[in-house]
Each structure stands twice: as structure tokens, then as C-alpha cells.
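Q: I'm new to this one. Can you put it up and walk me through it?
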Amino acid sequence: MIAIIAILATMLLPALNTARSRSRATNCLNNLKGIGQYCVFYYDDYGTAIISSSHNGGAIVGWGNHLVQLYGARKYYTSDYNKNVRLPTCAGTIFRCPQISPFNPIPANDSHAITSFAYNQQMVHNSNLATTPYAAPANDWGKLKYPSRTMLFVDGNGTGTINTGPTTYSRVDWRHLGSANYLFLDWHVEPLKNPKAAPVKGISLNSNTIL
């Protein structure tokens, strides 16, 4: 009898793990929806900027900090980063994917990974780099050509922002059973399968062309 139970448990365990991973992927999509709602608030309040991520004297004031300082409870979020275990210290909030845990940390040991999501640098305004293409007027949400295919946030692997075709693949963490969750600039969320090559087809970074 014990042997039979052990065999059944062995057979059921993969299915249970898959179901758990799918549940976490759904929760992650809901987190991104919440972040998108904050971004809508930000756009309504600040005119043309979709969201800002500032670098002040080398110190990062991340997009997450901007959002929660303006619209959320700051006590639930910190930009501190635990470099030893590669976990953004925002557990239990929309800023950290539920798939990230001490058993499944962000792959890269990068102090910039203050959330578990990477952002599209061509759409996120940087207030101290106003002369760069990343702060171009195309950041105005109302002027985007392909908002439904222009990504804003995606499950990140801690190696930096998304800013070129190659980074649409190399800086994404395909942690949801081989998929990654995206937030697009019409504010819908969507999982995309790992294409196993760069660039990721069917998305846009600048909203003028689709990769």
C-alpha cells in the first residue's frame, strides 16, 4: 500500500507543480494590470510622460518608487535589493512576480533589479536624460502608433532594461513554464512564449515599428 501511494504521489507531483506555476503566472498578470493602472494615473496627472525612472547623482529612483510614492502605500515597497539571494525586497506587492522566491530568484545578481520586472527604456522617461532618444516626444501615450504592441514592462532577469532588439530576448526571464508576462501600452497584459531567439517578434519598443 505504501509503495502504491508513493507511486501515485510521484505521478501527481508534476501536475501539482504545473498547476501551482500556472496560478503564479495568473497572479503575475494581475500584478502587471495593477501596475498599468498606476501608470494611467501617472499619465493623467503628468500630461505626456508614461512613467519616469530617474538617475540622480548615480542613485536610482525607480519607476516603482515613483508610483508608490504618488499612489501607493510606501511601507509596502522599498528599492533596497538583497544582492546575496537576488530577491527584490518587495515581496507580497504587485512589484514582485509571485514566481520569484528564495528557491527561484532573479537569475542575475544586479543591484538595479529592485523589482522583478524590466521596463522598456524607449518608453520610460528619464528626467535627467532629457536630450536622449529615450525621452523623445514619442513617449506621449496619445501619440503612439502601435500602443497594443508596444511593451512597457515584462518579467525581467535582472540584467538591465529593454532597449534594443537583442535585449527583448536576453533580458527577459521566461519563468512561467517557458513564457513571460508583458504589459503593453494599451494597458492589456499578455503572456508570450519563449521564442528562443532575438528579437522577440510581434512587439514594438518605439511604437513606430514592430519587430
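Q: Which backbone oxygen lies 2.8 Å from a polar atom of the side chain of Thr 167?
A: The backbone oxygen of Thr 164 does. A polar contact here is a pair of N or O atoms within 3.5 Å; within protein, one must be able to donate a hydrogen and the other to accept it, and residues adjacent in sequence count only if both atoms are side-chain atoms.

Q: What sort of model is this?
A: A predicted model, in which local features need pLDDT of at least 70, side-chain atom pairs count only at pLDDT 80 or more, and totals for chains, interfaces and linings use all residues. Residues are numbered from 1 along each chain as its sequence is written, and side-chain values use heavy atoms, with hydrogens and water left out.

Q: Back to Thr 167: buried or exposed?
A: Thr 167 counts as buried because its relative accessibility is 7%. Buried means under 20% relative accessible area, exposed over 50%, and partly exposed in between (1.4 Å probe, protein chains only).

Q: Where is Thr 167 found, and what does it touch?
A: Thr 167 is in helix H3, residues 167–170. Leaving out residues up to four places away in sequence, Thr 167 touches Thr 161, Ile 162 and Val 172. Contact means heavy atoms within 4.5 Å.

Q: How many helices and strands are in the chain?
A: There are 3 helices and 8 strands. Both are DSSP runs numbered from the N terminus: helices are H or I with at least four residues, strands are E with at least two. The order from the N terminus is α-β-β-α-β-β-β-β-α-β-β.

Q: How much of the chain is buried?
A: Of its 211 residues, 44% count as buried.

Q: Why is strand E6 largely enclosed by the rest of the structure?
A: Because 5 of the 5 residues of E6, residues 151–155, are buried.

Q: Which strands are joined to E6?
A: Strand E5 (residues 117–119) is joined to E6 by 3 bridges, and the two run antiparallel. Strand E7 (residues 179–184) is also joined to E6 by 3 bridges, again antiparallel. Two strands pair if DSSP finds at least two bridges between them.

Q: Which residues stand opposite each other there?
A: Ala 118 stands opposite Val 154 in E6, and Phe 153 stands opposite Leu 183 in E7.

Q: New topic: where is Arg 20?
A: Arg 20 is in helix H1, residues 2–46. Arg 20 counts as partly exposed, because its relative accessibility is 41%.

Q: How far is Arg 20 from Gln 99?
A: They are 79 residues apart in sequence and 9.4 Å apart in space, C-alpha to C-alpha.
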